[in-house]
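Here are my notes on this one, in numbered points. Have the structure open while you go through them.

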Amino acid sequence: LPDDLSTLTGRVESLAISPVKSLRMIIAEKITLTTHGMQHAGFTDRSMMLAVPSETGRADYQRFSQREEPALSHIIQSLDRYGRLRIFPEGSHPLSEMCPSDQFASYDADLLTVEPVAGTVMNAECIEGAAIDQIRHYLWKFRQNVDQIVLLRALKPDNDVLPPNGENMLFTDGGQLLITNEESLNFLNAQ
């Protein structure tokens, strides 16, 4: 980006959110911006993520994304007509559904710590069920130890309070918005 952002021009081609970080994004006609990022149909962008056991000892888990496994771009997230999130690999039928209320951990849960790419260690809770089972089943073709992959959900943010400077907002690696271009998306989808 140029140093002087006032010279930057462009237009919004589409809006998209990814309730589960690193899976294929959901294109939305409209989104709501909150202090913690984008929301659509009750789902908050990157409120859930995949993780593997941490090798650094800094946290229980570390994030697992398309950086480590490009095949994640072939796992679809979509909303059904009732507003439930469905997660399934290309070419298969959705077996799992989540409601917006399923995306955040409860405050009385036994929380795990997660080490994101940058920023502070965060608290999260594992989600078990058909969604993570489908993801593991799809990824076994590409990698070993898929049984160690977990689906985590973040603590629900307080919509009135921004986190301290430099801390992550949900599982966003430090930013509320993800800006990309069609050329980059085409490259990723071709991988």
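**Notes on the fold and its charged pairs**

1. Let's start inside a helix. Arginine 136 and aspartate 133 sit three residues apart in helix α1 (residues 130–139), so about one helical turn separates them. The two side chains form a salt bridge, with 3.6 Å between the closest N and O atoms. How do the two ends compare in burial? Arginine 136 is buried at a relative accessible area of 15%, while aspartate 133 is partly exposed at 42%. Keep in mind throughout that this is a predicted model.

2. Now the overall layout. The chain holds two helices and twelve strands. Reading from the N terminus, the order is β-β-β-β-β-β-β-β-β-β-β-α-β-α.

3. How much of the chain is buried? Of its 191 residues, 41% count as buried. The accessible surface is about 11,200 Å², and carbon and sulfur atoms own 51% of that. As for contacts with a separation of 6 or more, 63% of them are between residues 24 or more positions apart.

4. On to the salt bridges: the whole structure has nine of them. As background, side chains of opposite charge can pair when their charged atoms come close. One of the bridges joins glutamate 90 and arginine 24, at 2.1 Å from N to O. This pair ties together distant parts of the chain, 66 residues apart: glutamate 90 is in the loop between β9 (85–89) and β10 (112–115), and arginine 24 is in the loop between β1 (15–17) and β2 (26–28). Both ends are partly exposed, with relative accessible areas of 37% for glutamate 90 and 29% for arginine 24.

5. Another bridge runs from strand to strand. Arginine 153 pairs with glutamate 125, their closest N and O atoms lying 3.1 Å apart. Here too distant parts of the chain are linked: arginine 153 belongs to strand β12 (residues 150–154) and glutamate 125 to strand β11 (residues 122–127), 28 residues apart. Buried or exposed? Arginine 153 is buried, with a relative accessible area of 17%, and glutamate 125 also counts as buried at 14%.

6. Which residues does it link? Salt bridges connect Asp80, Arg84 and Glu97.

7. Arginine 63 deserves a look of its own. This residue lies in strand β7 (residues 61–63) and is buried, with a relative accessible area of 13%. The side chain of arginine 63 makes a polar contact of 2.3 Å with the side chain of glutamate 68. Arginine 63 also comes within range of alanine 51: the two are twelve residues apart in sequence, yet their C-alpha atoms are 4.3 Å apart in space.

Terms used: Residues are numbered from 1 along each chain as its sequence is written. This is a predicted model: local features need pLDDT of at least 70, side-chain atom pairs count only at pLDDT 80 or more; totals for chains, interfaces and linings use all residues. Side-chain values use heavy atoms; hydrogens and water are left out. Helices (H or I, at least four residues) and strands (E, at least two) are DSSP runs, numbered from the N terminus. Buried means under 20% relative accessible area, exposed over 50%, partly exposed in between (1.4 Å probe, protein chains only). Contact means heavy atoms within 4.5 Å. Accessible areas come from the Shrake-Rupley method with a 1.4 Å probe; for residues, only the protein chains shown count as cover. A polar contact is a pair of N or O atoms within 3.5 Å; within protein, one must be able to donate a hydrogen and the other to accept it, and residues adjacent in sequence count only if both atoms are side-chain atoms. A salt bridge is a side-chain nitrogen of Lys or Arg within 4 Å of a carboxyl oxygen of Asp or Glu.
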